[in-house]
Amino acid sequence: MSWHPQYRSSKFRHVYGKAASKEKCYDCVPITRNVHDNHFCAVNPHFIAVVTECAGGGAFLVIPIHQTGKLDPNYPKICGHKGSVLDIKWNPFNDFVIASCSEDATVKIWDIPKHLLTRNITIPKKELLGHVRRVGLIEWHPTANNILFSSGYDYKIMIWNLDTKEAVISNPVKILDAHKDVVLSMSFNTDGSLLATACRDRKIRLIDPRAGTVLQEASYKSHRVNKVLFLGNVKKLFSTGTSRWNNRQIALWDQNDLSVPLLEEDLDGSSGLLFPFYDSDTHMLYVVGKGDGNIRYYEISPEKPYLNYLMEYRSHLPQKGIGMMPKRGLEVSACEIFRFYKLIPTKSLIEPISMIVPRRSESYQEDIYPLTTGAQPALTAQEWLNGVNKGPLLVSLRPGSGAVNSLPQFLEPEPLKKTTDLSQHQGRGGRMAPEDMQKPSEIEDSRKQLKVEEKLPKNEQMCLSNGFDIFECPPPKTENEV
């Protein structure tokens, strides 16, 4: 472990991990047994999506975030792929759109209904056909709307513009052909103008995605890289991998000079992959071990020693994959600064783990919640393709303050207020992308539908339990509530 002083002034020095109680976990979830090194889980303030084990083809589940407890074995799936699903990612600007990629060499975009799923979804909103071998990774652009990157076992990265009417898109707007082996990891800088990749040839590359040129290449021999992550606001790259002696290793790189890492550190001799996560608001870095129950966390500083070890969350239950809640979905009243969703296939369980700053005061803590990325795109797809760069649009997490930022501007004042109330009813800071907002008439319809359901006898009500609107009436969390 690199040298670090015993005491260092930091408000995150005492951050601790807290696992959710059993009733706040998601139980009986058939988590995939696939050995592909991905997260297998994607989370946003409304839903948790998880790749599931199923016979023939590939499928994933989308569960409303409040629907904890045991999952119905017949719960509807999203199952349009002909091969195993390898990666899923929510659209950062629309909580009801998710992308998935699969061994069947396709990428599919799905619309998730605002009501709970009542039946399997097999028809995607869009299908992207370009790769000739399986597609292992997908990433949405962080600031431009409807731009998606996919990376396949044909060693190509394809850039897709989803701002089209066609349901099947077979021509990507750009193909990055800079790799001679499988791309293991992709990461954007803050404004999405640069892309960092980790490849199976053990090199880290820094790419200008629009020009398709490799700006930098690290061919440092003693660090075999698996995952790379842009620490955008500190102009650094972080990578996890293995050393020559097969120890798990982390390394920190200067974005402008990838010849030698600024720092290199062996962690342990375990064989599981290390997944890195970075929170640019708090400058905290989390390193999650696959196949063990550990989450190490560090604080990044601009000067030496750069990486300051804080603590380690330990659990005897190993994680196969991990999901991460965007900042706008956190419980600010509990001083929660990060939340993981840990996949535990041995118990068919998804366990939320909250990272909490211990504070006595119950009021909103301005210093640990700076302005953060909201659910509004800064650019259209075409603007980005034309060469425009813009950082993310920021919102405040103060309850009630940021709700207006993501509302459509064309609504009349009266419905605007109603919609805001509804989104705040979520209790999650209430930010939603314009596409996510229901029109007042839709809200009225769903209210009528609920009234009809209330009048039905109990046994008939059970049949309709999948039909309620998650904004109006969250599903029961415990058996007593049912």
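A disulfide, for this talk, is a pair of cysteine sulfur atoms within 2.5 Å. By that rule the chain has zero disulfides. Buried here means under 20% relative accessible area, exposed means over 50%, and partly exposed is in between, with a 1.4 Å probe and protein chains only.

Some ground rules. This is a predicted model, in which local features need pLDDT of at least 70 and side-chain atom pairs count only at pLDDT 80 or more, while totals for chains, interfaces and linings use all residues. Residues are numbered from 1 along each chain as its sequence is written, and side-chain values use heavy atoms, with hydrogens and water left out.

The chain as a whole, then. Of its 482 residues, 56% count as buried. There are four helices and 33 strands; helices are DSSP runs of H or I with at least four residues, strands are runs of E with at least two, and both are numbered from the N terminus. Taking contact as heavy atoms within 4.5 Å, residues 24 or more positions apart account for 55% of the contacts with a separation of 6 or more. The accessible surface comes to about 21000 Å², and 51% of that belongs to carbon and sulfur atoms; the areas are from the Shrake-Rupley method with a 1.4 Å probe, and for residues only the protein chains shown count as cover.

Now one sheet. Strands pair if DSSP finds at least two bridges between them. Five strands form an open sheet with mixed pairing, in the order β8-β9-β10-β11-β15. Its edge strands, each pairing on one side only, are β8 at 85–90 and β15 at 168–169. Inside it, β9 (97–102) and β10 (106–111) run antiparallel and are joined by five bridges, with Val97 opposite Asp111.

In the model, the span 78–112 is 63% strand and 0% helix, and its end C-alpha atoms lie 9 Å apart.

Next, strand β31, residues 349–356. How many of its residues are buried? Eight of eight. Leu349, Glu351, Ile353 and Met355 point one way, and Ile350, Pro352, Ser354 and Ile356 the other. β31 runs antiparallel to β1 (16–19), through four bridges, and antiparallel to β30 (336–344), through eight. Met355 is the bridge partner of Gly17 and also of Phe338. In the hairpin of β30 and β31, with four residues between the strands, Ser348 takes a positive phi near 50 degrees.

Last, the cores. A nonpolar core is a set of buried Ala, Val, Leu, Ile, Met, Phe, Trp, Tyr and Cys residues joined through side-chain atoms within 4.5 Å. The largest has 34 residues, and those with the most contacts inside it are Val29, Ile48, Phe60, Tyr341 and Ile350. The elements giving two or more residues to this core are β3, β4, β5, β8 and β30, and the largest share, five residues, comes from β4. Apart from it lies another core, of 25 residues, including Cys335 and Ile353.
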